Amino acid sequence: MFGHIGAHAGDPILSLNEDFQKDPRANKTNLGIGVYVDESGTLPRMGAVARADAELRSHGGSTPYLPMTGLPSYRDRLQVLVFGADHPARADGRIATIQSLGGSGALRVGADFLKKNFPGSGVWISDPSWENHRVVFKAAGFAVSTYPYYDAASGGLRFEAMCNALGGLPPQSIVLLHACCHNPTGVDLSTAQWRTVATLMRERGLIAFVDMAYQGLGDGLAEDAFAPRALAEADVACLVASSLSKNFSLYGERVGSLSIVCASKAEADRMLGQLAGTVRANYSNPPTHGATLVAAVLCSAELRAAWESELTSMRERIQAMRSAIHAALQAQNLPSGTTLSRYLTQRGMFTYTGLSASQVMRLREAHGVYLLTSGRMCVAGLNRRNVDAVARAVGEVMRQGA
């Protein structure tokens, strides 16, 4: 019956991680998968989350089904985290927010919702983008195209080309935007550029779909949420997928949210019902434990303050590793024209190194340093023990040429 079905190609990031696990070398370094690890190279258990978990478990109790839209206290706190407590759209009740199965679940529910209600629209993602963006929207039935984004020569942004492309899209086109810490490039828009994009999208009648997977790991919680807040203030039709996997270090709990910014409270109420129906057709209702932990942290002033302090330490460690590898590479005799400033100007967990696929493969085979073939490096995988060795390995393959 299933003989005509071929093998799945696999996910390049997860496949790379599997290859890393099989590598017997003791000095290997995994800078491929997008997971924050601490200075010791282990996945941290955040203290505020651990305290909330201990309190929760001390009370025991059953775990009944949640509503299709999720835990109410979690949804409310996530809406505040994404948009701010005093955002006009929140004050007017114009935001419909549901709990989702992480950021990917939010993207898929949003994609299904949009395909049902805007069947003739196309989806546009940045060039490049997280590869699963294409996968999710194609699976929902959309044609997926790209708009200009990354400038390989400078390691920066092709902003004028991006705006020109968006300005030529048909009304009701769906534009996938990275709120902060762009994956895979680490190249973000400035606040002025976000305002320009918001105005352009409103004038063209485009639908913004914002993916925010790294809030708090770029410049700060409020700073990293500037994009969805500015789009909402500009009255742009807007969906926001938020993931808490990284900033709460709750990868396996699949905690996320999906919000739709609407024109009125009545419209938001209708959209909440539509999202509930979309969830029912996918997974019926979300899990309890992770959402309860997040709600406990965000509803407690003490735990919230402790969590923000820990998150600040994580962000500052990433920034310190950016400075460390930049300094170590600067000290080497690298080919002329090498752009090292990208390690400092790009934000968040990822940096596009500019290495070619063949250089990445040599880095892996000769030095046990694992990057994606695109050259994306997870800076969060660096620490004081491995950063100099990684820099020497990167410098060696760069001197050998493409």
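The largest cavity in this predicted model has a volume of about 30 Å³. A search of the whole structure finds 1 cavity of 30 Å³ or more. Its lining consists of Y147, Y149, M162, L177, H178, H182, L189 and W194. Sorted by class, these lining residues comprise 6 nonpolar and 2 polar residues, with no charged residues. The idea behind such a search is that rolling a probe the size of a water molecule over the atoms shows where empty space is left.

Strand β10, residues 255–261, is mostly covered, since 7 of its 7 residues are buried. Both of its faces are covered: V255, S257, S259 and V261 are buried on one side, and G256, L258 and I260 are buried on the other. Two strands pair with β10. Strand β2 (residues 95–101) pairs with β10 in the antiparallel sense over 7 bridges, and S100 has G256 of β10 as its bridge partner. Strand β9 (residues 238–243) also runs antiparallel to β10, joined to it by 6 bridges; here V240 has S259 of β10 as its bridge partner.

Two of them are set out below.

| Ring pair | Distance between centres | Angle between planes | Arrangement |
|---|---|---|---|
| F137 and F209 | 5.6 Å | 85 degrees | edge-to-face |
| Y214 and F350 | 5.6 Å | 90 degrees | edge-to-face |

Because F137 lies in helix α6 (residues 131–139) and F209 in strand β8 (residues 207–212), their pair ties together parts that are 72 residues apart in sequence. F137 counts as buried because its relative accessibility is 0%, and F209 counts as buried because its relative accessibility is 0%. Ring pairs also link F137, F142 and F209 into a cluster.

In the other pair, Y214 lies in the loop between β8 and α9 (221–224) and F350 in strand β11 (residues 350–352), so this pair ties together parts that are 136 residues apart in sequence. Y214 is buried, with a relative accessible area of 6%, and F350 is buried, with a relative accessible area of 1%. Both values fall under the 20% cut-off for a buried residue.

At 1.5 Å a residue, its 12 residues (72–83) should span 16 Å, and the end C-alpha atoms are 17 Å apart, which agrees. The buried residues of α3 include Y74, R75, L78, Q79, V80, L81, V82 and F83. Just after α3, G84 takes a positive phi of about 90 degrees.

Technical notes:
Residues are numbered from 1 along each chain as its sequence is written. This is a predicted model: local features need pLDDT of at least 70, side-chain atom pairs count only at pLDDT 80 or more; totals for chains, interfaces and linings use all residues. Side-chain values use heavy atoms; hydrogens and water are left out. Helices (H or I, at least four residues) and strands (E, at least two) are DSSP runs, numbered from the N terminus. The expected span of a helix is 1.5 Å times one less than its number of residues. Buried means under 20% relative accessible area, exposed over 50%, partly exposed in between (1.4 Å probe, protein chains only). Two strands pair if DSSP finds at least two bridges between them. On a 1 Å grid over the protein atoms alone, a cavity is a set of points where a 1.4 Å probe fits but cannot get out, and a pocket is an open set with protein on both sides within 12 Å along at least five of seven lines; lining residues have an atom within 4 Å of a point. Grid points are joined across faces, edges and corners, and a volume is the space filled by probe spheres set on the points. Ala, Val, Leu, Ile, Met, Phe, Trp, Tyr, Cys and Pro count as nonpolar, Asp, Glu, Lys and Arg as charged, and the others, Gly among them, as polar. Rings of Phe, Tyr and Trp (its six-membered ring) pair if their centres lie within 6.5 Å; planes under 30 degrees apart count as stacked, over 60 as edge-to-face and the rest as tilted.
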